[in-house]
Amino acid sequence: MSGRTDSDTQDGIRTDAIEAHDTDGTDDTDTDTTDDMPRPDPDDADADADGDSGEDSGEDSGEDSGEDEYAGEDARQARWTAAGTGALLTLAGLAAALLRLTGPAPALVPAAYALGAAVCALAALLGSRGRTRRALWLLIAGVMVMAVGDQLD
């Protein structure tokens, strides 16, 4: 927390504080003692009106447009990663279920692998639609169900 107010009230608060300080009833003839109060800066008001509440506005370097460009790219990369990982784990779970089904394993083992694969398939679907956080948790749950099936073997 920086302790700064929003841009709508900031200039009014500064002006009120300056007026209260200037008219507090003291008879200081030295004008240097009243300069310790912050004065409204027109550049700060313009920067706050633009919605930038950081210390360094970065107006000259154009950093804001670059961050917006990378935000879309990061979201796209997260969707592809979630969908790809979900599809890969789905295929691995189905392959393990088929291998365990043909062997002498109890019936619960291939069922656990198939259930884990189904959960990972749902995670791949959610990941491709942009629900990457939920997809991550479903991927973890699917792998845990497959691990339970592996422990039952």
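Begin by selecting Arg 100 and Asp 150, whose side chains form a salt bridge with an N to O distance of 3.8 Å; the term denotes a side-chain nitrogen of Lys or Arg within 4 Å of a carboxyl oxygen of Asp or Glu. Arg 100 belongs to helix α3 and Asp 150 to helix α5 (residues 132-152), so the pair ties together parts that are 50 residues apart in sequence. The structure holds 1 salt bridge. The model is a predicted one, in which local features need pLDDT of at least 70 and side-chain atom pairs count only at pLDDT 80 or more, while totals for chains, interfaces and linings use all residues. Residues are numbered from 1 along each chain as its sequence is written, and side-chain values use heavy atoms, with hydrogens and water left out.

Colour the two partners by accessibility. Arg 100 is partly exposed at 27% relative accessibility, and Asp 150 is partly exposed at 37%. Here buried means under 20% relative accessible area, exposed over 50%, and partly exposed in between (1.4 Å probe, protein chains only).

Next, display the whole chain as a cartoon. It contains 5 helices and 0 strands, in the order α-α-α-α-α from the N terminus. Helices (H or I, at least four residues) and strands (E, at least two) are DSSP runs, numbered from the N terminus. Of the 153 residues in the chain, 18% are buried. Among contacts (heavy atoms within 4.5 Å) between residues at least 6 apart in sequence, 61% join residues at least 24 apart.

Now select the largest nonpolar core, which has 10 residues: Ala 82, Ala 96, Ala 97, Val 109, Tyr 113, Cys 120, Ala 123, Ala 135, Leu 139 and Met 146. Such a core is a set of buried Ala, Val, Leu, Ile, Met, Phe, Trp, Tyr and Cys residues joined through side-chain atoms within 4.5 Å. The elements giving two or more residues to this core are α3, α4 and α5, and α4 provides the largest share, 4 residues. Centre the view on Leu 139: neighbours within four places in sequence aside, Leu 139 is in contact with Ala 82, Thr 85, Gly 86, Leu 89, Cys 120 and Ala 123.

Follow α4 along its length. This helix has 21 residues and reaches 30 Å from its first C-alpha to its last, close to the 30 Å expected at 1.5 Å a residue; the expected span is 1.5 Å times one less than the number of residues. Its buried residues include Val 109, Tyr 113, Gly 116, Cys 120 and Gly 127. Just after α4, Gly 130 adopts a positive phi of about 100°.

Step back to the other end of α4 and select Ala 107, in the loop between α3 (63-102) and α4 (108-128). Ala 107 is exposed, at 65% relative accessible area. Its C-alpha lies 9.9 Å from that of Leu 152, 45 residues away along the chain.

Finish on helix α5. Trp 137 is located there and is exposed, with a relative accessible area of 58%. Together with Leu 136, Ile 140 and Met 144, Trp 137 makes a nonpolar surface patch of about 450 Å². Patches consist of residues with over 30% relative accessible area and no salt bridge, with like charges joined within 9 Å and nonpolar side chains (Val, Leu, Ile, Met, Phe, Trp, Tyr) within 5 Å. Accessible areas come from the Shrake-Rupley method with a 1.4 Å probe; for residues, only the protein chains shown count as cover.
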